[in-house]
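Biologist: I'm new to this one and would like a walk through it. Could you show me how to read its features one at a time?

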Amino acid sequence: MKYKAMTAFAALAISAPIAFAGGADDDTLAIDGQEMITKTAAPAHMEETGIDTIISGWHFREDDTQSMQADTFDNPGMIAVDQAMDAWNTVEGSAEKSCASCHEGPESMQGVRAVYPKWNEEAGEVRTLAMQINDCRTNQMGADAYKYDSGPMAAMEALIAVQSRGMPVNVAIDGPVAETWEKGKELYYTRTGQLELSCASCHEENYGNYIRADHLSQGQINGFPTYRLKNAKLNTVHGRFKGCVRDTRAETYSPGSPEFVALELYVASRGNGLSVEGPSVRN
């Protein structure tokens, strides 16, 4: 009985309106002098949500955390980018190839992060950036796939993301991806776990409010991979999804699962128009 009461209180503390809210600040994010689009009009498909403006999670962070992201030298996530640069040029696998063997420099990846997840015609499926990286490793290099939410995967995603930094997210939601997008939308609004919370409970209904002395953001993923001060490492989108579902006290999906692929597509589309920021810095 006591446990049920505590669970109900915890759910109420998150899902009910909170008296004191901090909200997003009005600062401007410029990374090494390049100004990012961190607030813009919400995509048309979000009209029914009542959200007129989409906001980067950067605006909900403390000044010290914000400044870390604004300077590449101070951004701890850039260490992983340097590591991925070494991996990019390292010959691996039975084909004795590196990423550079096919793509030359990582600058060839400019624009890639901005449009993923996307439809892969040859494979007949929606692919995330992580899925595409592993496809290149296994089918082109003859190398082992990275674990989906591993450090090497996060680092490679960060290296690719940097090439698109400042470009607006432009994820397609129609055509062959529409069915997957709808599944992702359903997951976003489905309440799960003992706390009976959905993604929308926090990131749509209560963004700007406090939870455990921290601001809830809109849950935008334009900044991923993200270096979190909380766990002192670079985090992938699916790794964060896993943690969020776990926090509702539900049985979570696995990184790379069809459910999380669909959810990533939907959540990414909610950030269409915001700049690619990765690797970002968050609490």
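This is a predicted model: local features need pLDDT of at least 70, side-chain atom pairs count only at pLDDT 80 or more; totals for chains, interfaces and linings use all residues.

Biologist: Good. What is the phi of Glu-96 near?

Modeller: Phi of Glu-96 is near 55 degrees, again a positive value in a residue other than glycine. Glu-96 is in the loop between helix 3 (78–88) and helix 4, and it counts as exposed because its relative accessibility is 62%.

Biologist: How many helices and strands does the protein chain have?

Modeller: Helices (H or I, at least four residues) and strands (E, at least two) are DSSP runs, numbered from the N terminus. Here the protein chain has ten helices and eleven strands.

Biologist: And what is the radius of gyration of the protein chain?

Modeller: That value is taken over C-alpha atoms, and the globule rule is 2.2 Å times the number of residues to the power 0.38. For 283 residues, a compact globule would have a radius of gyration near 19 Å, and the protein chain agrees, with 19 Å. The C-alpha trace spans about 60 × 40 × 35 Å along its principal axes, and 50% of the 283 residues count as buried.

Biologist: Now helix packing. What describes two packed helices?

Modeller: You give the angle between their axes and the distance between the axes. Axes are lines fitted to C-alpha atoms, for helices over the stretch in contact, and angles run from 0 to 180 degrees between N-to-C directions.

Biologist: At what angle do helix 9 and helix 10 pack?

Modeller: Helix 9 (residues 237–247) and helix 10 (residues 258–269) pack at about 100 degrees, with their axes 10 Å apart. Therefore they are roughly perpendicular to each other. As for the cut-offs, under 35 degrees is roughly parallel, over 145 roughly antiparallel, 65 to 115 roughly perpendicular, and the rest oblique. Among the residues making the contact are Phe-241 and Val-245 of helix 9 and Phe-260 and Val-267 of helix 10. By class, that contact has seven nonpolar, one polar and two charged residues; Ala, Val, Leu, Ile, Met, Phe, Trp, Tyr, Cys and Pro count as nonpolar, Asp, Glu, Lys and Arg as charged, and the others, Gly among them, as polar.

Biologist: How far apart are the axes of helix 7 and helix 10?

Modeller: The axes of helix 7 (residues 178–189) and helix 10 are 7 Å apart, and the angle is about 90 degrees. That makes helix 7 roughly perpendicular to helix 10. Their contact has nine nonpolar, three polar and three charged residues.

Biologist: Which residues is Arg-137 in contact with, leaving aside its neighbours within four places in sequence?

Modeller: Contact means heavy atoms within 4.5 Å. With those neighbours left out, Arg-137 is in contact with Glu-92, Gly-142, Ala-143, Asp-144, Ala-145 and Tyr-146. Arg-137 belongs to helix 5 and counts as buried because its relative accessibility is 7%.

Biologist: Where is Ser-164?

Modeller: Ser-164 is in the loop between helix 6 and helix 7. Its relative accessible area is 0%, so Ser-164 is buried.

Technical notes:
Residues are numbered from 1 along each chain as its sequence is written. Side-chain values use heavy atoms; hydrogens and water are left out. Buried means under 20% relative accessible area, exposed over 50%, partly exposed in between (1.4 Å probe, protein chains only).
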